[in-house]
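Subject: Handing over the structure

Hello,

Here is the structure I promised to pass on to you. Please open it beside this email and follow along as you read.

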Amino acid sequence: MRVLLIEDTTGLGEAVRDQICDDGHAVDWVQSLNFAEASVQATSYDLVLLDLMLPDGNGFDFLKSLRKSGNSTPVIILTARDQVSDRIEGLNAGADDYLIKPFDLSELSARVGAVARRYRGDPNPLVKLGHLEIDLGEHRIKANGLPVELTAREWALFEGLVQRPGTLLSRSQLEDRLYQFGAEIESNTIEVYISRLRKKLGRDVIITVRNMGYRLETYEH
Amino acid sequence: MSTNASLKKSLSIGLTIGVSLLWLFGAISSGLVVQKEMNESFDKALKKSALQILPLVISDSLQKKKDNSQEIPTRENDDEYLTYTIKDQHGNVLFHSKDANPKVFNGSLQMGFSNTESHRIYTTSTLDNRVYIQVAEQLARRNEDLIEAGIALLLPLLFLAPISLFGIWWIIRLSLRKVAVFQFDIAERGAGNLSPVEMEKLPKEFKPIAVAVNRLLERLRRTLEAERSFTANSAHELRTPLATALAKVQRIKSAATDEPLKTQITDVENSLKSLSKQSEKLLELAKAEGGGAISQQPNNLVPILKMIVGDFSRQFPERIKLTLAKNEINSLLDPDAFAILARNLIENALKHGRSNHPVDVNLQADGRLRVVNECDLVAPQDLALLRNRFVRANTTAPGSGLGLAIVDAIAKGAGITLELRSPANGKKDGFEVELNLGTNLTQAS
């Protein structure tokens, strides 16, 4: 997933960014609402993590304007404001979840996964595709009943395909998911990772559509 | 008069005494006027009698050439009310009325009115001054009439003073009825209710008091708001660095491969979590004791309770059995105060209840909130101490010992009764907390 993190506290922002990246998502981290607004206009995100008290304004206003513009990207509010009235205001303004600081990073990961699944319309984290059993919540995969270890980058790429099984994803769409590692992206990076995934999960799992992109085998036939 | 005497009593007695004294003064003044007028009237009657008797006596005397001392017989002369005597210019009695006392008439022949010790006398004569007449009237009779007139003036006071006392008391009571309502309104409001008191219907004289009370309440409300804002800001300022520290520690832990180091990092992580929990509880207690448990508008508690239970359900799946009324439960309890209250009760029940039994959270249609957990019996002496701060039941479960103190502070602030029971209703053991958040709260506030 491509995640926008809006958090002005440097130490916390770093830790959250690293955690979400470790979960295999690409994170853009900004520390003010101005940068956040510019980011949502420039890029399509799968999830926004939003702090409320920011140096240049209130996160509620950003959320309201996001919803007003028709953007339905899931938003999880991360805040130190623990009053239930704030929480109700946040949820009424269009937030999908609300996490009060201090929180466990593992809980944040779980909520990010749950909100993203809910947004896709399938809250069940367990996906079965042919010989593969995938736990999107725990980031675990079993092939023919045996666990398979994926690196964070491999997971990020594979999760993108699993989230839309049977849908053709372009090379640039897949590169977007690895944005966080953009500095290292070379022309053949996607091919390298696809090759590694095929090696671990089976050759027929990912289908190449020449000059178009890749899609996940749905095993319908 | 005592400074804390009843206004109604002092006004009633004071006004009655005042009115009675004025009445007495009025009666005495009137009595004196009446006395003067009556005396004049009596004198006129005396004079008229003399003037009427004299021609009759002379005429009779000329016709019958009566003896000097012969008296004139009358039909009635029973009580010597008027007596008279006829004298010549030398003072010799020509004749007199039947009961005429010579001692009364032995004075000089002074014309007009004169007094003796017992009588009022009027003396006049014929035009040629040869015959004089003296008519006497008893002063005692006059005084008797005057006393009767005085009594007639004063007697109503005896009946009217008590009626006046009752009337004054009743009017004052009626006039002060709105003041009594005002007094009741102030006395009955819960500690957390700082809304302005109703002053529109108060008598004009009492409005300054209501204005002063409302100003005081407003100042108190602002002070409490400042305190709450400070607490909220403190919470924010504490939470952010704690969140940063905890997140950093968790990141270090996830990167650490050395097991002893990992154990030490876990200790730091647990200490940070404990610090975070403890500071959260202390801030909640400060909020609860700072007032503001009553909201200006009723709020539906059902979605808030669902939200709180939902938070716990993520952490403790299948451990909470939530039963909600089908209707809205509207309460004047502040939503944030209710959230703190519910969170603490559920947290306590999860912490101290048997892990293989669900915690029963029940919000009934009448606004009664019950939280029940299975556990060993809590001794009555321990039950009584549980509301105190830093007091924990005989348990090994980790906790701050502030949960029930926070709930108790919110309940007190909102005027709600907090009941703790062990055994729980209908059970042999277990622990139950019950609060009535519905209509009673609205009345109490």
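In chain A, E9(A) and E10(A) form a hairpin with 4 residues between them, and His139(A) in that turn has a positive phi of about 60°. Strands here are DSSP runs (E, at least two residues), helices are DSSP runs too (H or I, at least four residues), and both are numbered from the N terminus. Two strands count as paired if DSSP finds at least two bridges between them. By that rule E9(A) and strand E10 (residues 140-143) of chain A are antiparallel partners with 4 bridges, and Asp135(A) sits opposite Arg140(A) in E10(A).

Before you go further, please note that this is a predicted model, in which local features need pLDDT of at least 70, side-chain atom pairs count only at pLDDT 80 or more, and totals for chains, interfaces and linings use all residues. Residues are numbered from 1 along each chain as its sequence is written, chains are lettered from A and ligands numbered from 1 in the order in which they are written, and side-chain values use heavy atoms, with hydrogens and water left out.

Now back to chain A. Strand E8 (residues 126-129) of chain A runs antiparallel to strand E9 (residues 132-135) of chain A, and 4 bridges join them. Leu129(A) stands opposite Leu132(A) in E9(A). The hairpin of E8(A) and E9(A) has 2 residues between the strands, and Gly130(A) there takes a positive phi near 55°.

Most residues other than glycine have a negative phi, and most peptide bonds are trans. Which residue in the loop between E10 and strand E11 (146-148) of chain A is worth a look? Asn144(A) has its place there, and its phi is near 50°, a positive value in a residue other than glycine. There are cis peptide bonds to find as well. The bond from Lys101(A) to Pro102(A) is cis, with omega near -5°; Pro102(A) lies in the loop between strand E7 (97-100) and helix H5 (105-120) of chain A. In chain B, the bond from Ser422(B) to Pro423(B) is cis, with omega near 5°, and Pro423(B) is in the loop between E11 and E12 of chain B.

Next, the sheets of chain B. In one open sheet, 5 strands follow the order E7-E9-E10-E12-E11 (chain B), with mixed pairing. Why is one side of strand E7 (320-324) and of strand E11 (418-421) of chain B left without a neighbour in the sheet? Both stand at the edges and each has a single partner strand, so one side has no neighbour there. Neighbouring strands of this sheet are turned by 10° against each other on average, direction ignored; axes are lines fitted to C-alpha atoms, for helices over the stretch in contact, and angles run from 0 to 180 degrees between N-to-C directions.

E11(B) is joined by 4 bridges to strand E12 (residues 431-436) of chain B, and the two run antiparallel. Leu418(B) has Leu435(B) as its bridge partner in E12(B). Helix H7 (residues 335-352) of chain B packs on the sheet, touching E7, E9, E10 and E12 of chain B, and its direction makes about 20° with that of E10(B). Contact means heavy atoms within 4.5 Å.

Another open sheet of 5 strands has the order E2-E1-E5-E4-E3 (chain B), and its pairing is antiparallel. The twist averages 20° from one strand to the next.

Finally, the place where the chains meet. The contact takes 23 residues from chain B and 25 residues from chain A. Between them the chains bury about 2,300 Å², 54% of it on carbon and sulfur atoms; buried area is the accessible area (1.4 Å probe) that two parts lose on being put together, summed over both. There are 5 salt bridges between chain B and chain A, a salt bridge being a side-chain nitrogen of Lys or Arg within 4 Å of a carboxyl oxygen of Asp or Glu. Asp104(A) forms a salt bridge with Lys273(B), with the closest N and O atoms 3.2 Å apart. On the side of chain B that touches chain A, H4(B) gives the most, with 11 residues.

Happy exploring, and do write back with questions!
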